[in-house]
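Visitor: I would like to learn how to read the layout of a chain like this one. Could you take me through it step by step?

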Amino acid sequence: MQKLSMLAGNVFSGVPLDRVDHLRTDTAWIEARLNDPASRFVPVWNQQSIVFDGAEPRAALNDRQSIAELLDSNAPLAFLGVTPDDGGIAHFAVDFSHLPEETLTARYTGGALMDLRDSVQLVPAHEASILAYARGLMYWHRKNGFCAACGHKSETRRAGHERVCTNPACGAVHFPRTDSAVIVLVHDGDDCLLCRQSHWPTGMHSTLAGFLEPGESLEEAVAREIFEESGVQVADVRYHSSQPWPFPASIMVGFMAKANSREINVDDKELEYAHWYGRDWLRNVVDSDDFRMPGKYSIARRLIGDWIDGNFQV
Ligand SMILES: [Zn+2]
């Protein structure tokens, strides 16, 4: 496994597990890990995780015995990986979405079902990345019970990292998919372009973003999305970093781009408005119902912060 410190990145990346792809097809090894008292199970319920709040909030990572009464053939499982440096403790995601909410809350006394956007602000970063991984993989299984090619049922393979169509005449193999989105800090001198969408939390402003389309490079998607949404033309598009974004199945590819024009012409189907904001104003602004930054865990916040502080050569 590569040293995680070399790959330090945004929140939700840096899963502290070796994914050991070559062991996913070793069914005897996987079965042994499933029954290993040391193995840990990450419960997912309708894309939410269980968090125990308190002085040191932690995510629920259970041994098998403690959730044995909840495990049955209706609970999809996927192998996540093994810890790299303490004997290789296997981690699995398990989806309990078929169970009533009361069953979960009764089992996890003192814990609360929580969306990842909330739990990421409580639990340690390494646990947030495991929750993101588990949530993303379990969402894919829930949405892909039937073959997209022929409509027959599909079933899990490779310890939960593939699904195969059960129709012998088809046999299509399906893989977990990740939808690419670009997210962009557009700058012009000491100003940057931020926007607001009407459905966002009160006062929240952020960078512009959009999905990559077929037949398009990431840089082209940056230029197209910025122009479509704001009317601003950009050049000198520079890659910054990326962030797994399992809401529900994306990766945010972050860029900084130099504006070639200033006039804003908003697509009001996409945005409530967009404005240029000065570096010094942003540096000193205090969150309020009129203006607040994106969550500190988000790549949007990092793009804005790195631009304000001059941490990224633009
Ligand atoms: Zn099929």
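Visitor: Into which domains is the chain divided?

Guide: Domain bounds come from an automatic or database domain assignment, and here they give domain 1 (4-143), domain 2 (145-176) and domain 3 (179-309). This is a predicted model, in which local features need pLDDT of at least 70 and side-chain atom pairs count only at pLDDT 80 or more, while totals for chains, interfaces and linings use all residues. Residues are numbered from 1 along each chain as its sequence is written.

Visitor: How far apart do the C-alpha centres of domain 1 and domain 3 lie, and how many residues does the contact take from each?

Guide: Two residues are in contact if their C-beta atoms, placed from the backbone, lie within 7 Å. The C-alpha centres of domain 1 and domain 3 are 31 Å apart, and the contact takes 15 residues from domain 1 and 10 residues from domain 3. On the domain 1 side, the largest share, 5 residues, comes from H4; helices, like this one, are DSSP runs of H or I with at least four residues, and strands are E runs of at least two, numbered from the N terminus.

Visitor: Which residues touch the most other members of the largest nonpolar core?

Guide: A nonpolar core is a set of buried Ala, Val, Leu, Ile, Met, Phe, Trp, Tyr and Cys residues joined through C-beta atoms within 7 Å, where buried means that 20 or more other C-beta atoms lie within 10 Å of a residue's own. Of the 38 residues in the largest core, those touching the most other members are Val42, Ala78, Leu80, Phe92, Ala93, Leu131 and Ala134. The largest share of this core, 10 residues, comes from H4.

Terms used: A residue is buried if 20 or more other C-beta atoms lie within 10 Å of its own, exposed if 12 or fewer, and partly exposed in between; C-beta atoms are placed from the backbone.
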